[in-house]
Amino acid sequence: MIEFVCYIFAVACAVMFLRTLAVKWGILEKLQVSAPNEFFHKLFTCDFCQSFWLGMAICVVLAFCVHWWLIFVPFFSSVVRW
């Protein structure tokens with residue numbers, strides 16, 4: 001259980017770092033402006049959606065490399081930045 005909580009904390013920190021980096025470099029604004037339809041525009045605007053899908057991408061890689069149950073981490077590590 002402690003290992004699972006440590007993975008949740010590590011993925012949440014990695015997601016927050018990558019989202020902050022994307023905002024600083026202007027990647028999120030570029031994705032919002034060049035979104036092909038309204039659905040993707042709302043997806044790139046929503047903080048929860050961004051953190052969930054970025055966490056899911058990180059956890060899929062971790063699931064192949066470490067443990068299969070790490071695929072469930074994004075459900076607990078999605079962060080919302082206010």
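Which residues of α4 are buried? In α4, these are Q50, S51, F52, G55, M56, I58, C59 and A63. Buried means under 20% relative accessible area, exposed over 50%, and partly exposed in between, with a 1.4 Å probe and protein chains only.

Before going on, the source. This is a predicted model, where local features need pLDDT of at least 70 and side-chain atom pairs count only at pLDDT 80 or more, while totals for chains, interfaces and linings use all residues. Residues are numbered from 1 along each chain as its sequence is written, and side-chain values use heavy atoms, leaving out hydrogens and water.

Helices here are DSSP runs of H or I, at least four residues, numbered from the N terminus. The cover over the buried residues of α4 includes α1 (2–25), α2 (27–33), α3 (38–45) and α5 (74–77).

Now α3 and α4. They pack at an angle of about 85°, with axes 5 Å apart; axes are lines fitted to C-alpha atoms over the stretch in contact, and angles run from 0 to 180 degrees between N-to-C directions. That makes α3 roughly perpendicular to α4, a term for angles of 65 to 115 degrees. L43, F44 and T45 of α3 meet D47, C49, Q50 and W53 of α4, where contact means heavy atoms within 4.5 Å.

Last, the rings. There are six aromatic pairs, meaning Phe, Tyr or Trp rings (for Trp the six-membered ring) with centres within 6.5 Å; planes over 60 degrees apart count as edge-to-face. Y7 and W69 are edge-to-face, because their centres are 5.9 Å apart and their planes at 75°.

Technical notes
Helix = DSSP H or I, 4+ residues; strand = E, 2+ residues; numbered from the N terminus. Parallel < 35°, antiparallel > 145°, perpendicular 65-115°, else oblique. Phe/Tyr/Trp six-rings, centres within 6.5 Å; stacked < 30°, edge-to-face > 60°.
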